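The following paragraphs go through a predicted model chain by chain. They are meant to be read beside the sequence and the coordinates.

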Amino acid sequence: MENRDHGVGARVGMWLFLLSEILLFGGLFLLYSVYRAKHPGDFHAASTELSRFDGTLNTAILLTSSLTAVAAVFSLQELNKPKRTIFFLGATIAFGLAFLVVKAFEWTAKFEHGLYPNAAVLMKRPPGEILYFGLYFTMTGLHALHVIIGMTVLSVILAFVARGKATQERSAALENAGLYWHLVDVIWIFLFPLFYLIS
Amino acid sequence: MAYARYVYIWVALIVLTAITVTTASLNFGRAGILVVLAIAAIKSTLVLLYFMHLSSEKRLLLKLLVPIAICTLAIFIGLTFTDVMYR
Amino acid sequence: MASHAEAAHHAEGPWYLDNGKRPGIRGFLTSTNHKRIGILYLVAVLSFFTVAVILGVLMRIQMLSPDSKFLSGQMYNSIFTLHGIIMVFLVVIPGIPTIFGNFFLPILIGGEDMAFPRLNLFSWYLYMTGAAVVLGSILFAKGAVDTGWTFYVPYSIHTTVDVPLAVFGVFLLGMSSILTGLNIVTTTHMLRAPGMTFFRMPLSVWGLYSTAWVQVLATPVIGITMVLILLERIFGIGVFDPSKGGDPLLYQHLFWIYSHPAVYIMILPAMGIISDLFPVFSRKNIFGYKTIAFSSLAIASVGSLVWGHHMYVSGQSDTASIVFSLLTFLVAIPSAIKVFNWIATMYKGSVKVDPPFLYALGFIALFSIGGLTGLVLGALSTDVHTHDTYFVVGHFHYIIFGGMGFGLFAALHYWFPKMFGKTYNYRTATVAFIVLFVGFNLFYMTLLILGWAGMPRRYYSYLPQFTDLQVIATVGSWIMVAGLAVMFGNLLYALFRGKKAEADPWGGSTLEWQIPSPPHFENFEKVPVITHGPYVFPKKE
């Protein structure tokens, strides 16, 4: 049936899975939209507690990790240079780790200031701010979980490439892992302005 | 360099990020969210088209998937707003 | 890849024989072959159905008298909750796609297996794990979940019974459903035999296909909703808590954004099978093939826009209620079109009422009653009177049990000879149907009347004036269960003692009737080439 695009079936499946992930976060975006519309001032006030520098840094980290991810796929599929693929995959995973480290610093800072769900300090704030932080931890937390999953998947694929199980002819798994990672990046592209850039 | 076109996209993404951070310091009022979301949409489209290879995808089904997801989400949120905004 | 290896072991034999690596049950549990996975689901789904029926019987016994001490209030709440969770998430949503979708989709499109056989088996294990978690939740914490299958906040946040395990189980079941849907969409797009265009596919495939889209797009929303219940309970994030600015109604929105499309996941595959049956048993091409195909897509899409009709009296805005009511009336149209088309198929046909068609006709009658009562509920004014009464319970049992359930029974009686290579007793099947149909209507029609008279749902007791009707309903439920027992007993008996079935006992024209009963492991000896639509009647002798 298909000629050279042997991985197309798996790719269709992967895109459908990504669709389900978009809808999974979608429920949270729905909550965010409603609560921001109801408490625009509180959301702005609460967002000043976040470090715009950290958010921007993390955005840059993930965007760069997307570059290394697509470079990894390109290196194998088009250039047939598995060693470069391994390098780029390693870089992507490292960037993912860097992202999580920055996020850990951010969260710890919030914990220290008493700005986490059910904390006494937070409970004294207006409801819009309580909701903002409830959504902040939920959405960035779910996102971070997906970063961890993505890093795990990429590590497994790295092992496949290293052992020769993934090759130029059999690169569907690598490509699909890349797609998953890019989705994690796209979700952050939306989370960043929604939480850090409320003017 | 074979990777050139990916690097160009990356540069565009970084520039757009810088732009969106700058616009957030300016005060657009209630339109502010639309501006940042528009830039986010442009960035995402770049990632989808070039990093995720949708621009070179032959199958129509795959090109339609993300628009379908966005439409679905927009409708869910929109109909919910008919409740929340008119109570 | 794995099923190629399996096929190499037994290229010529029927699917259930395994002379390969692992014999018997272990072979089944490790097989990625779509027919064996279909059977794994068949056994699981029917077992859970039996459990849920027993729970229902217990509820009806309690309702025999207003001061019955058979069940405590707490027990009754847990039993109707579990009855709902098991029926909705373990039986009715997965039922037809996982059993008949898995077994027959590849065959109906002329293929060898699903697009992702290993993912298919993984879906089954996810399903079984989710089932174990849900059923296991009965044993932990301070007791079985008692919130109703809808898990409404704030009660689901504050009740001390084991909500976390139950909602986690539902989450796993949702994941399983998403993966099944993804498999079905990909299979339908990628693995059709040469010549099988979309408009030459049997309508049962259209049913499975439209359903699969809803599975992929809507199910994640209940996934996140279940996660949010957990987060609220454990961390108090506040999104549904008014004391923190949260809105409990948003829970209902998120819940029903999935759970309404879910009922279309339940009914669309059943409608698809009915669409396959009418041509066969009328010896005539289906009336309006394309209309039915597009109606399936229309029901899937418009049906995803009507969820607010569960919330008319919840505090939702009037504007939203009016919008949702309008959309609800619109979505009735494609369903009605299908019913007209099915009946038109019989016109001037040569109708033979074999057991599969008996259930198909039962489907039409019961689904129509369910649909009409849906209009009462969809209209704002009458819903105020009937919301949360037995009228709702009667409505959804007519639609789900009378619709999806009878669709499943029709499919079972239609495809049993093909799947197992055995014939069953038609007369016993007919008797079973009659008993089931009589009991069903005695039971659920009475519930409609009780609801209209004011009997609320989810109550373990009631005002004395409802006693007579409650007793009639319970007796109806016993007759209904007796019918079910005879029906399943007949099929079970045939499984072991039935006569050998031929390849094409009904004179069908879709691809499954051109291969042996039961099918060989790799389905087709040669890849079929399709040159015409699915329902070619009368057949050239």
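In chain B, helix 1 (residues 4-25) packs against helix 2 (residues 32-51) at an angle of about 170°, and their axes are 10 Å apart. Axes here are lines fitted to C-alpha atoms, for helices over the stretch in contact, and angles run from 0 to 180 degrees between N-to-C directions. Helices (H or I, at least four residues) and strands (E, at least two) are DSSP runs numbered from the N terminus. The angle makes helix 1 of chain B roughly antiparallel to helix 2 of chain B, a label given to angles over 145 degrees. On helix 1 of chain B, the residues making the contact include B:Ile9, B:Leu13, B:Leu16 and B:Thr20; on helix 2 of chain B they include B:Val36, B:Ile39, B:Lys43 and B:Phe51. Two residues are in contact if their C-beta atoms, placed from the backbone, lie within 7 Å. By class, this helix contact has 13 nonpolar, two polar and one charged residues. Ala, Val, Leu, Ile, Met, Phe, Trp, Tyr, Cys and Pro count as nonpolar, Asp, Glu, Lys and Arg as charged, and the others, Gly among them, as polar.

The model is predicted: local features need pLDDT of at least 70, side-chain atom pairs count only at pLDDT 80 or more, and totals for chains, interfaces and linings use all residues. Residues are numbered from 1 along each chain as its sequence is written, and chains are lettered from A and ligands numbered from 1 in the order in which they are written.

Chain B as a whole has three helices and zero strands. Its radius of gyration, taken over C-alpha atoms, is 17 Å, well over the 12 Å that the globule rule (2.2 Å times the number of residues to the power 0.38) gives for 87 residues, so chain B is more spread out than a compact globule. The C-alpha trace of chain B spans about 60 × 40 × 10 Å along its principal axes. Of the residues of chain B, 34% count as buried, meaning that 20 or more other C-beta atoms, placed from the backbone, lie within 10 Å of a residue's own.

Chain C has 17 helices and zero strands. For its 541 residues a compact globule would have a radius of gyration near 24 Å, and the 23 Å of chain C agrees. In chain C, 57% of the residues count as buried.

How values were computed: Parallel < 35°, antiparallel > 145°, perpendicular 65-115°, else oblique. Buried ≥ 20, exposed ≤ 12 C-beta atoms within 10 Å, placed from the backbone.
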